[in-house]
Amino acid sequence: MKPNRKVDAYQQFVLDCKIFWSTQVYPELQAQYDRTVESAQRQGTAAPSNAREAHALIGDAPLYQFYAWYERHLQRMKYSGRFGLVPHFETEREALEAKLAEADTLENLELDPAFESPRYYTSFDVHQHPKGLAGDTLAGLVYEQASRSTTPLIRRDRDLHYRFTAAVLNRITPKRMADLGCGFGKSTRPFYQEVPELRLTAVDLSAPCLRVAALNAREDQASGVRFLQRDAANTGLAGESFDSVTSTMLLHELPPPYIERLITESYRLLEPGGLVAHLDFLVPGHEPFKRFIHYSHGRRNNEPFMEPLNELDLVDLHKKAGFREVEIVPFEEADGTLAPDYRAWRFPWAMVIARK
Ligand SMILES: C[S@@+](CC[C@H](N)C(=O)[O-])C[C@H]1O[C@@H](n2cnc3c(N)ncnc32)[C@H](O)[C@@H]1O
């Protein structure tokens with residue numbers, strides 16, 4: 001894209017507001033919640049024990065109303081409106097589409113023109129991205145740009161995915177890996193960069209995202225990776241053909257029956273002894289305030305399966321599918337974010353890891 005100072009200034013403003021929201025508004029809301037709980041307890045009322053009760057306690061407070069309004073509309077402003085990313089990319093549609101069409105000639109990309117996405121995927125604008133991740137040819141490029149400010153406090157855009165890659169490589173030296181729900185390849189790239197001899201199969205539903213992933217891999221001169229348009233819960237790939245299966249931010253995008261199918265499919269894809277590692281958002285324990293904030297974030301961001309995912313027993317589901325050594329471990333997405341005195345808003349990052 002050609003530089004556009006107005007769009008850049010507007011997007012920087014939105015990002016700065018998001019940082020203010022994360023570092024100032026959220027900690028104040030948490031403090032207000034704690035004070036309200038203490039005061040209620042002094043009057044003999046029990047502290048909230050779940051997200052619904054936390055909502056009842058603080059949901060009408062002006063600070064929460066502001067917090068919620070601000071979160072919803074900052075995300076909307078990122079994508080839509082005069083200087084949003086969608087109208088910005090629209091200004092160069094023809095040139096961008098010509099560039100994206102090159103992807104269709106690449107050997108590392110396999111799209112299925114007759115592919116039908118599941119209904120859950122097309123029935124709402126995920127992340128408030130107009131038409132979602134597959135409803136427009138430019139959606140992958142828009143998503144790539146948008147993802148640079150999804151975690152506003154991680155200055156080094158690369159950090160999170162490279163940390164996840166390092167965590168997986170600590171547990172296995174992979175030779176054949178599947179990356180499920182790869183998007184535009186942000187989760188795939190660190191693996192092919194860190195392990196150049198790896199045979200990597202990345203799947204996603206979104207053709208617009210896969211085209212961007214394939215073009216980026218060509219630019220990176222990555223030879224061992226292929227991008228396929230497939231459903232992660234039913235890939236059609238050969239059983240026991242991978243020593244590792246990963247996903248990053250996929251689970252929370254799936255309705256619960258799909259999550260169960262994904263777990264079974266991951267098990268089928270792995271050879272005996274293989275490792276599955278999913279990075280996602282799982283609130284640890286029963287912290288009512290954090291659950292309330294996270295579940296309501298899901299609603300505000302058009303991610304309706306965030307709450308159901310957190311109410312599933314993922315350890316049990318993995319064991320039932322045949323996995324062993326199942327663990328859910330908190331994930332430090334940037335230095336210091338797991339420290340007890342860390343106050344800013346963050347996603348509740350966690351890894352689900354298991355062996356076949
Ligand atoms: C939040 S994005 C994460 C993308 C990438 N893993 C990353 O870390 O940047 C979730 C991705 O899952 C994909 N997705 C959702 N449901 C899927 C399914 N059933 N099969 C394959 N991909 C799916 C979406 O198209 C999207 O690209």
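A residue is counted as near a molecule or strand if its C-beta atom, placed from the backbone, lies within 6 Å of it. In this predicted model, local features need pLDDT of at least 70 and side-chain atom pairs count only at pLDDT 80 or more, while totals for chains, interfaces and linings use all residues. Residues are numbered from 1 along each chain as its sequence is written.

The ligand is surrounded by 20 residues, of which Gly-181, Gly-183, Lys-186, Ala-232 and Thr-248 are the closest. This shell holds eleven nonpolar, five polar and four charged residues (Ala, Val, Leu, Ile, Met, Phe, Trp, Tyr, Cys and Pro count as nonpolar, Asp, Glu, Lys and Arg as charged, and the others, Gly among them, as polar).

Gly-183 lies 8.6 Å from Leu-133, C-alpha to C-alpha, although 50 residues separate the two in sequence. Leu-133 is placed in the loop between α6 (119-122) and α7 (139-146); helices (H or I, at least four residues) and strands (E, at least two) are DSSP runs, numbered from the N terminus. Leu-133 is buried, because 25 other C-beta atoms lie within 10 Å; the term requires 20 or more such atoms, with exposed meaning 12 or fewer and partly exposed in between, C-beta atoms being placed from the backbone. Residues up to four places away in sequence aside, Leu-133 touches Val-126, Ala-139, Tyr-143, Ser-206 and Cys-209. Contact means that the C-beta atoms of two residues, placed from the backbone, lie within 7 Å.

An open sheet of eight strands runs in the order β1-β4-β3-β2-β5-β6-β8-β7, with mixed pairing; two strands pair if DSSP finds at least two bridges between them. The edges are formed by β1 (109-110) and β7 (324-330), each with a single partner strand, so one side of each has no neighbour in the sheet. Strands β2 (residues 176-180) and β5 (residues 242-248) pair in the parallel sense over four bridges, and Ser-247 in β5 is the bridge partner of Leu-180. Helix α14 (residues 314-321) packs on the sheet, touching β7 and β8 (349-355), and its direction makes about 155° with that of β7. Axes are lines fitted to C-alpha atoms, for helices over the stretch in contact, and angles run from 0 to 180 degrees between N-to-C directions.

The protein is divided into domain 1 (5-85) and domain 2 (148-355), with bounds from an automatic or database domain assignment. In domain 1, 21 residues are in contact with 15 residues of domain 2. On this side of domain 1, α1 gives the most, with nine residues.
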